[in-house]
Amino acid sequence: MNYLSVENISKSFGERVLFDNISFGINKDQKIAFIAKNGSGKTTLMSIINGAEEPDTGQVVLRKGIRMAFLSQDNNLQDELTIEESIFASDNETLKVIEAYEKALENPDDTEAYQKAFDAMDQHNAWDFETQYKQILFKLKLEDFKLKVKNLSGGQKKRLSLAIILINRPDLLILDEPTNHLDLEMIEWLESYFAKENITLFMVTHDRFFLERVCNEIIELDNGKLYQYKGNYSYYLQKKEERITSENASIDKAKNLFVKELEWMRRQPKARTTKSKSRQDDFYVIKEKAQSRRKENKVELEINMERMGSKIIELHKLSKKFKDRIILDDFSFDFQRGERIGIIGKNGTGKSTFLNLLTGTIPPDSGRVVKGDTIKVGYYTQSGINPKPGQRVIDVIKEYGEYIPLAKGKIISASQLLERFLFDAKKQYDYVEKLSGGELKRLYLCTVLIQNPNFLILDEPTNDLDIVTLNVLESFLLDYPGCLLVVSHDRYFMDKIVDHLFVFRGQGEIENFPGNYSDFRAYEDSADVTAVKEETKTEKKDWKQNNTSGNLTFNEQKEYQKIEREIKDLEIEKSKIEQLFSDGKVADNDIEKKANELQNIINKIEAKEERWFELSAKLEG
């Protein structure tokens with residue numbers, strides 16, 4: 001069943017064409033991701049679909065009776081309302097049903113109206129509405145219902161906006177960067193929720209793990225053309241590579257033909273026959289094709305950064321707290337040459353504060369930071385860039401540096417660096433105020449890199465960046481010879497870039513973990529299974545001592561023990577496949593097969609865990 005159709009829409013701002021005459025449909029149960037470069041009009045397209053903006057041409061047709069909800073990057077919440085009041089202030093159909101039922105109770109003599117309201121309560125499952133919305137708020141860690149919106153953090157506001165939408169249970173959900181400002185725990189919960197629920201999704205996201213595990217179709221806007229891929233992110237990568245290879249082969253063929261036709265055109269045939277006129281028309285089509293080779297933005301730079309001495313940065317017994325919240329407690333660490341450390345942890349555990357302590361932006365309560373004489377720090381913060389009015393892109397970056405020195409006496413100029421990060425020659429002379437949010441982040445990144453730091457600190461660098469830019473940034477960082485310290489919720493990015501982690505557990509507890517994010521996840525999952533097993537041993541011992549008719553039968557005991565072993569075996573299989581993906585050891589023609597195998601294992605684990613909890617509940621009863 002078709003829910004929504006985008007029919008031949010176009011949108012321009014002055015001479016800048018975002019998209020022209022594009023069409024696609026969204027059908028029931030599809031989970032579609034929309035991929036395009038920053039500045040291509042992703043957010044504008046979302047606004048057009050949502051009805052907030054009008055296209056220049058074409059139309060968006062929503063099927064009659066379909067309820068659509070839109071999660072934007074801007075939280076449209078009222079500051080003075082509490083979390084619970086925000087739920088009741090939303091345009092929720094169930095709330096209207098409850099209101100109609102309460103009115104019917106005030107007029108018991110009108111039996112027809114009462115029966116209608118009663119039936120509507122049944123139809124919308126409205127009797128348990130309070131339980132439903134509180135469950136979702138608890139899952140999204142919004143337990144203090146009386147907390148006002150104005151006192152919420154950015155992540156909490158995002159979760160509240162998300163909760164309102166999930167509680168409303170729309171038929172079609174439109175999401176613009178749903179994982180931005182969420183911590184890893186929340187991202188993984190949301191990922192699991194969307195993967196299980198029969199909900200129709202259309203989203204823009206840069207989170208490639210999210211794309212892999214949630215989406216079953218990807219639509220890409222590339223150089224003004226739409227391409228549709230019926231599969232997840234792994235399938236998309238494989239098929240896109242095949243498409244580009246095919247396109248390049250076609251272009252090479254057109255180039256050969258172009259040389260021959262160019263020779264014919266230069267002879268300027270005098271006879272203007274229908275045949276020769278047709279051949280001339282074909283020549284211009286061939287010429288366009290021959291000159292259409294795509295620009296691949298690969299960043300392979302042998303950077304000749306300043307020499308690093310033996311002393312990098314030393315942290316000596318650092319402590320920091322805000323009221324009762326402990327960030328660091330007597331923390332010490334010596335950074336070594338070439339270290340690539342990722343920082344993960346829940347929101348509010350002090351990750352950004354740690355970076356600010358390291359760079360001297362804020363002072364510690366006690367302890368000290370000792371920086372080596374040769375260390376030049378580049379710090380990319382979440383606050384972004386504040387360009388002067390009327391500045392052009394190229395002028396902004398030149399304020400920070402003219403070039404980066406490379407090996408063998410070569411250099412890369414400011415303009416060349418911008419081009420590597422997807423600012424073509426024309427775009428470099430655009431006014432900064434014309435840039436999209438993602439383009440501004442990309443420009444800010446270039447201002448940090450042009451300073452040629454040998455210790456690079458990145459605080460959430462992937463927020464608002466498109467997948468194309470992320471690939472460029474990853475290529476640059478893989479070649480980067482200095483020290484790297486990264487805070488990010490992007491699991492795919494962390495797996496590719498870092499080789500060990502600082503895990504912020506909260507209240508000053510920081511674990512130094514030797515591995516990337518997938519290694520850590522596998523370790524945590526195996527630890528959870530072990531903990532479950534130990535807990536189960538105790539429960540089984542208690543069961544023998546206190547057996548009642550409400551406990552497990554003999555066959556259920558055997559099933560209970562078998563499920564534990566099966567879950568452990570499946571977790572090991574899951575970790576092995578995830579490690580293959582992380583190490584890039586999956587052949588292109590095996591990507592889809594391995595991704596499907598991984599999803600099947602995840603589904604089996606979830607099913608067995610559900611049965612395990614059922615038996616556990618019975619055992620405890």
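Analyst: What follows starts with the helix, moves to the loop after it, and then turns to the rest of the chain.

This is a predicted model, in which local features need pLDDT of at least 70 and side-chain atom pairs count only at pLDDT 80 or more, while totals for chains, interfaces and linings use all residues. Residues are numbered from 1 along each chain as its sequence is written, and side-chain values use heavy atoms, with hydrogens and water left out.

The helix is α5, residues 129-139, and within α5 the residues Phe 129, Tyr 133, Ile 136 and Leu 137 are buried. Here a helix is a DSSP run of H or I with at least four residues, a strand is a run of E with at least two, and both are numbered from the N terminus. Buried means a relative accessible area under 20%, exposed means over 50%, and partly exposed lies in between, using a 1.4 Å probe and protein chains only. An α-helix has 3.6 residues a turn, so residues three or four places apart point the same way. Among the elements that cover the buried residues of α5 are α2 (83-89), α3 (93-106) and α6 (154-168).

After α5 comes Lys 141, which sits in the loop between α5 and α6. Its phi is positive, about 60 degrees, although Lys 141 is not a glycine. With a relative accessibility of 36%, Lys 141 counts as partly exposed.

Another lysine can be set beside it: Lys 317 also has a positive phi in a residue other than glycine, with a value near 50 degrees. Lys 317, however, belongs to strand β10, residues 313-322, and at 53% relative accessibility it counts as exposed.

In strand β1, residues 2-13, we find Ser 12, which is partly exposed at 26% relative accessibility. Once its neighbours within four places in sequence are left aside, Ser 12 is in contact (heavy atoms within 4.5 Å) with Val 17, Leu 18 and Asp 56. Ser 12 and Asp 56 are 44 residues apart in sequence, and the distance between their C-alpha atoms is 7.2 Å.

For the chain as a whole, the secondary structure comes to 19 helices and 20 strands, and 48% of its 621 residues count as buried.

Turning to the cysteines, a search of the whole structure finds 0 disulfides, where a disulfide is a pair of cysteine sulfur atoms within 2.5 Å. Cys 215 is buried, with a relative accessible area of 5%, and Cys 446 is buried as well, at 0%.
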